[in-house]
Amino acid sequence: MRGYRRTPGRIRHLTARALSSTRIKLSFTAPGTDGHRPPAASSYLIAQTTTPIRTTRAFLAAPVLCSGRCPFAVTTVGTTLNLTITHLRPGTTYYYTVAARDNVTGTRGRRSAAIRVRTRR
C-alpha cells in the first residue's frame, strides 16, 4: 500500500517453559502493528534453533515455525499469547526469538531478545 509505513512494536515478556521431554510453551505479549498502538499484531515470525541467536543475521537464518507466519486471534495490545511447540527432542536446549508482523503489509518488526529453554529428559 502506498504511503503505509507501520512497523510493529518489539515483542516483550518472551518466556519459555518445558512442559515435557518433547513440548515447550512459549509466551509473550502482543504489540501493536504500529509500535505499541492498536490494533494488536496478529501474525508472528518465531525462530527456533539449537544454537544461540545473537544477531539479526542469525535470526533471519534460523528455522522458523508456522512457515514464518504464526497466526493468533488477538484484538488487544498487551494480550498474553501462548504457543505450545511439540515434537521436540528430549534433553535438548532450544533458542527462540520472535518478531511481530504488520497486519496489512506483513512487515517484520524488531526481534525480541533471544531466550533458551531445555526440554526434560
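This is a chat about a predicted model and what its strands, bonds and cores look like.

Biologist: Start with the sheet. How many strands form it, and in what order?
Modeller: There are 4 strands in an open sheet, ordered β6-β5-β8-β9, and the pairing is antiparallel.

Biologist: Which strands are the edge strands?
Modeller: They are β6, residues 70-71, and β9, residues 115-118. Each of these pairs on one side only.

Biologist: Then take β5 and β8. How many bridges are there between them?
Modeller: β5 covers residues 43-49 and β8 covers residues 93-101, and they pair over 7 bridges in the antiparallel sense. As one example, T49 has Y95 of β8 as its bridge partner.

Biologist: And how many bridges join β5 to β6?
Modeller: 2 bridges, again with the strands running antiparallel. S43 stands opposite P71 of β6.

Biologist: Is β5 mostly covered or mostly exposed?
Modeller: Mostly covered: 7 of its 7 residues are buried.

Biologist: Which residues sit on which side?
Modeller: S43, L45, A47 and T49 are on one side, with Y44, I46 and Q48 on the other. Both faces of β5 are covered, and these residues are all buried. As a general point, side chains in a regular strand alternate between the two faces of the sheet.

Biologist: What about the cores? How many residues does the largest nonpolar core have?
Modeller: It has 25 residues. The ones with the most contacts inside it are F28, Y44, I46, F72 and Y96. The elements giving two or more residues to this core are β1, β2, β5, β7, β8 and β9. Of these, β8 gives the most, with 4 residues.

Biologist: Pick F28. What does F28 touch?
Modeller: Leaving out residues up to four places away in sequence, its contacts include Y44, I46, F72 and V98. I11, L14 and L81 are also among them.

Biologist: Which residues are in the other core?
Modeller: That core lies apart from the largest one and has 7 residues, among them L45, A47, F59 and Y95. In soluble globular proteins, nonpolar side chains tend to be buried together.

Biologist: Changing topic. Which residues does the disulfide join?
Modeller: C66 and C70, with the sulfur atoms 2.1 Å apart. The count for the model is 1 disulfide.

Biologist: Why is that disulfide called right-handed?
Modeller: The torsion about the S-S bond of C66 and C70 is about 95°, so the disulfide is right-handed.

Biologist: And its two ends, buried or exposed?
Modeller: C66 has 40% relative accessibility, so C66 counts as partly exposed. C70 is buried, because its relative accessible area is 1% and the limit for buried is under 20%.

Biologist: Last topic, salt bridges. How many does the structure hold?
Modeller: It holds 2. In one, the side chains of R6 and D34 meet at 4.0 Å, N to O. R6 lies in the segment before β1 and D34 in strand β3, so the pair ties together parts that are 28 residues apart in sequence.

Biologist: Which residue does D34 also form a salt bridge with?
Modeller: R37, where the closest N and O atoms are 3.1 Å apart. Salt bridges that share partners join R6, D34 and R37 into one network.

Definitions and conventions
Residues numbered from 1 in each chain as written. Predicted model: local features only at pLDDT ≥ 70, side-chain atom pairs only at ≥ 80, totals over all residues. Heavy atoms only, no water. Pairing = 2+ DSSP bridges. Disulfide = S-S within 2.5 Å. Buried < 20%, exposed > 50% of the residue type's maximum accessible area, 1.4 Å probe, protein only. Core = buried A, V, L, I, M, F, W, Y, C linked by side-chain atoms within 4.5 Å. Contact = heavy atoms within 4.5 Å.
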